[in-house]
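Hi everyone, thanks for making time for this.

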Amino acid sequence: MNTSDDTPLGLDDDCPHTPEPRRRMALTFDAFHERHHGLWLRYARTQVGLRAGAEAVVDATCSHLLHNWPHALAQESVSAYAWSVLKERIQDWLDEHGREPALAETASFDAVCRGRLLPELRDEFEVLESGMSLYSAITRLPERQHDIIVLRYVLGCTDEEVAEHLGTVRATVRSQARQAKRKLAARMNLRGGEKAGER
């Protein structure tokens, strides 16, 4: 998302009205946008179920960030702030369209198309008769654990990538993933629940 010198960046109070500061701000936004846009789009699709809906959600997220970029840069973690904006825009879209999160349907369909069903979790949990039941269980996890499991296992991100996008550290990602897998194993009454939580 390229910006021009006349694109609003919320700089009225924070920067002089000269092209160079605006250009620098636009460049930092463009770099951040390029780094995160693809994953945001993939994540949004798991939640809204439609490519067009996901694009609308991410466009709204990027628009908000662009117009509030100085505020975003002032946050303790720009990535965590941006992720919270993305989650708000997803919820706005779901509310506006009277829909529930579509993870169970979207992820199950994608897994069938790829010919696999979360092999990492399947191996650790020893059995997965139904992808829908697993993905439905994921939707009932606490928000942070849900996001980590979706990013890590549904979208295939590394711990480092998850930590970067959520504005946290790898140790937190691993700890939250272990807790989430224990909960999933217990909810699905699968053998090896303790083993699944060890990784």
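Of the 199 residues in the protein chain, 47% are buried. Please keep in mind that this is a predicted model. The chain has 11 helices and 0 strands, so if you follow the elements from the N terminus on, you read α eleven times over: α-α-α-α-α-α-α-α-α-α-α. As for contacts, take those between residues at least 6 apart in sequence: 66% of them join residues at least 24 apart.

Let me give you an example of residues from separate parts of the sequence. Ala 26 belongs to helix α1, which covers residues 19-48. Its relative accessible area is 7%, so Ala 26 is buried. Along the chain, Ala 26 and Leu 66 are 40 residues apart, yet their C-alpha atoms are separated by 8.2 Å.

Let's begin with Ser 79, a residue of α4, the helix that runs over residues 78-97. Is Ser 79 buried or exposed? It is buried, because its relative accessible area is 13%, and the cut-off for buried is under 20%. What does Ser 79 touch, leaving out residues up to four places away in sequence? The answer is Phe 32, His 36, Glu 164, His 165 and Gly 167. Take Phe 32 from that list: Ser 79 and Phe 32 are 47 residues apart in sequence, and from C-alpha to C-alpha they are 8.7 Å apart in space.

The axes of α4 and α9 are 6 Å apart, and the packing angle is about 75°. That angle is why we call α4 and α9 roughly perpendicular to each other.

Let's stay with α4 but move on to Arg 89, which also sits in this helix. Here is something to look at on the screen: Arg 89 counts as buried, because its relative accessibility is 18%. Which residues does Arg 89 touch, again not counting those up to four places away in sequence? They are Val 57, Ala 60, Thr 61 and His 64.

Those four are all part of the contact with helix α2. Gly 53, Val 57, Val 58, Ala 60, Thr 61, His 64 and Leu 65 in α2 meet a set in α4 made up of Tyr 81, Ala 82, Val 85, Leu 86, Arg 89, Ile 90 and Trp 93. Helix α2, residues 51-67, packs against α4 at an angle of about 135°, and the two axes are 9 Å apart. With that angle, α2 is oblique to α4. The crossing of α2 and α4 is right-handed.

Back to α9, and on to what follows. Helix α9 covers residues 159-166, and its axis comes within 8 Å of the axis of α10, with a crossing at roughly 105°. So α9 and α10 are roughly perpendicular to each other. In this contact, Asp 159, Glu 160, Val 162 and Ala 163 of α9 meet Arg 170, Val 173 and Arg 174 of α10. The buried residues of α9 are Asp 159, Val 162, Ala 163, His 165 and Leu 166. After α9 comes Gly 167, with a positive phi near 70°.

And α10 itself? Buried in α10 are Val 173, Gln 176, Ala 177, Ala 180, Lys 181, Leu 184 and Ala 185. Following α10 there is Asn 189, whose phi is positive too, near 55°.

One last item, on cysteines. Cys 62 is buried, with a relative accessible area of 1%, and Cys 157 is buried as well, at 9%. How many disulfides are there? The count is 0.

That's my tour, and I'm happy to take questions.

Notes. Residues are numbered from 1 along each chain as its sequence is written. This is a predicted model: local features need pLDDT of at least 70, side-chain atom pairs count only at pLDDT 80 or more; totals for chains, interfaces and linings use all residues. Side-chain values use heavy atoms; hydrogens and water are left out. Helices (H or I, at least four residues) and strands (E, at least two) are DSSP runs, numbered from the N terminus. Buried means under 20% relative accessible area, exposed over 50%, partly exposed in between (1.4 Å probe, protein chains only). Contact means heavy atoms within 4.5 Å. A disulfide is a pair of cysteine sulfur atoms within 2.5 Å. Axes are lines fitted to C-alpha atoms, for helices over the stretch in contact, and angles run from 0 to 180 degrees between N-to-C directions. Angles under 35 degrees count as roughly parallel, over 145 as roughly antiparallel, 65 to 115 as roughly perpendicular and the rest as oblique. A crossing is left-handed if the near helix is turned anticlockwise from the far one by less than a right angle, and right-handed if clockwise.
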